[in-house]
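Dear colleague,

I am passing on the structure you will be working with. It is placed just below, and my notes follow it.

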Amino acid sequence: MEWRNFNEKNRWLYTDYIWYIYFFIAGKALFSVPKSTQLISNAITVEDGKVNPENEGKLVVVSGILKSDENIQDPLTGVKLPGIAARRVVWTYGEFSYKDDEVVWDWMEQYIDFTDEKNNGINAESQISTILVAPSTLGEFNVDNSFLSELSFYDDFTDYDEKSLKEGWIIHSNDKESKYSISKTEKLAKKEKLSKRITPLEAGMQKISYRILSPENTSEYTLIGIQKGDTLIQASNAVPVSIFEGILNAEEFAKKSDSSVKAGSIFGLVLGLLFIAGGIRKILFGGNKE
């Protein structure tokens with residue numbers, strides 16, 4: 001992999017371009033809040049978790065215990081994971097930052113690609129970051145995998161079973177760089193500062209770690225989606241958030257969604273403005289260095 005695809009002059013332009021997009025998305029989400037809140041409030045609350053033929057094709061709010069009869073096992077590495085969902089994180093060793101004539105080389109997290117080409121970021125078998133999910137149910141409903149991609153994974157997985165690993169994978173857990181990870185390399189690269197003229201042999205090296213749901217998670221969730229047969233599917237872009245922890249009715253779900261989207265959008269707008277302002281300063285005051 002070529003790690004110097006961008007020269008220093010263009011690197012900041014690329015970063016600011018990403019933040020312009022993020023700023024636009026955050027603003028669009030904020031202005032769509034009233035419409036989506038009303039839509040959610042009018043959804044049908046299913047209190048007993050049962051499939052009612054009268055609700056076919058309608059927007060429903062369903063609460064209960066999310067559960068699965070299967071365990072998660074990463075199809076790429078063989079690692080067995082607890083719970084109904086987890087996150088595979090692929091890390092790549094590359095140029096982390098520049099300072100004067102130095103380059104900091106470090107491990108960088110590869111973010112999930114939710115495009116169709118990348119399997120929508122769910123259960124990908126190739127070596128990319130992804131959400132790993134087990135077939136789940138909520139009451140009488142089968143739950144579409146896409147709901148689980150909205151869950152938050154904060155706890156690092158550490159309880160590896162070496163016997164479950166596929167051939168070639170090695171467990172690392174003894175130093176700062178490993179972060180309880182696995183790779184196909186005996187020794188992982190360490191963070192270091194090098195001259196811009198030097199590219200380490202480890203450039204492009206990868207490792208994998210996992211994040212899981214908190215052990216304290218009760219598995220009680222409320223989902224909003226379209227009833228299709230005995231399956232609950234996401235309501236496309238009609239609602240900004242499809243799942244919350246806890247037991248909620250339609251009105252409570254709408255209020256929580258409203259607060260969540262507003263908070264996230266405002267935070268995104270502020271960050272976007274800061275980065276855009278930084279880009280403007282570079283243009284006005286010559287922040288680029290050849």
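**Salt bridges**

The side chains of Glu177 and Lys190 form a salt bridge, at 3.5 Å from N to O. A salt bridge here is a side-chain nitrogen of Lys or Arg within 4 Å of a carboxyl oxygen of Asp or Glu. Glu177 sits in the loop between S11 and S12 and Lys190 in the loop between S12 and S13, so the pair ties together parts that are 13 residues apart in sequence. Glu177 is buried, at a relative accessible area of 13%, while Lys190 is partly exposed, at 41%. On this scale buried means under 20% relative accessible area, exposed means over 50%, and partly exposed lies in between (1.4 Å probe, protein chains only).

Before going further, please note that this is a predicted model: local features need pLDDT of at least 70, side-chain atom pairs count only at pLDDT 80 or more, and totals for chains, interfaces and linings use all residues. Residues are numbered from 1 along each chain as its sequence is written, and side-chain values use heavy atoms, with hydrogens and water left out.

By the rule above, the count is six salt bridges. One of them joins the side chains of Asp101 and Arg197, at 3.7 Å from N to O. That pair links distant parts of the chain, 96 residues apart: Asp101 is in the loop between strand S5 (85-99) and strand S6 (102-110), and Arg197 is in the loop between S13 and strand S14 (206-212). Asp101 is partly exposed, with 41% relative accessibility, and Arg197 is exposed, with 70%.

Lys255 forms a salt bridge with Glu251, the closest N and O atoms being 3.7 Å apart. Both residues lie in helix H3 (residues 250-285), four residues apart, about one turn of the helix. Lys255 counts as exposed, at 54% relative accessibility.

**The chain as a whole**

The secondary structure consists of three helices and 17 strands. Helices (H or I, at least four residues) and strands (E, at least two) are DSSP runs, numbered from the N terminus. Of the 290 residues of the chain, 41% count as buried. Among contacts in the chain with a separation of 6 or more, 67% are between residues 24 or more positions apart; contact means heavy atoms within 4.5 Å. The accessible surface comes to about 17000 Å², and carbon and sulfur atoms hold 52% of this. Accessible areas come from the Shrake-Rupley method with a 1.4 Å probe, and for residues only the protein chains shown count as cover.

**Around strand S12**

Ser181 lies in strand S12 and is buried, at 0% relative accessibility. Leaving aside neighbours within four places in sequence, Ser181 has contacts that include Tyr160, Ile170, His172, Leu188 and Ser209.

Thr185 is in the loop between strand S12 (181-183) and strand S13 (192-195), where it is partly exposed, at 27%. Beyond its neighbours within four places in sequence, Thr185 is in contact with Ile170, His172 and Met205. Thr185 and Met205 are 20 residues apart in sequence, and their C-alpha atoms are 8.4 Å apart.

Glu186 is also placed in the loop between S12 and S13 and counts as exposed, at 66% relative accessibility. Not counting residues up to four places away in sequence, Glu186 touches Ile170 and His172.

Lys179 is found in the loop between strand S11 (170-172) and S12 and is partly exposed, at 46%.

**Positive phi values**

Two residues other than glycine are worth checking by eye. Phi of Asn123 is near 55°, a positive value. Asn123 lies in the loop between S6 and strand S7 (130-133) and is partly exposed, at 27%. Phi of Ser219 is near 70°, also positive. Ser219 is in the loop between S14 and strand S15 (220-228) and is partly exposed, with a relative accessible area of 22%.

Regards
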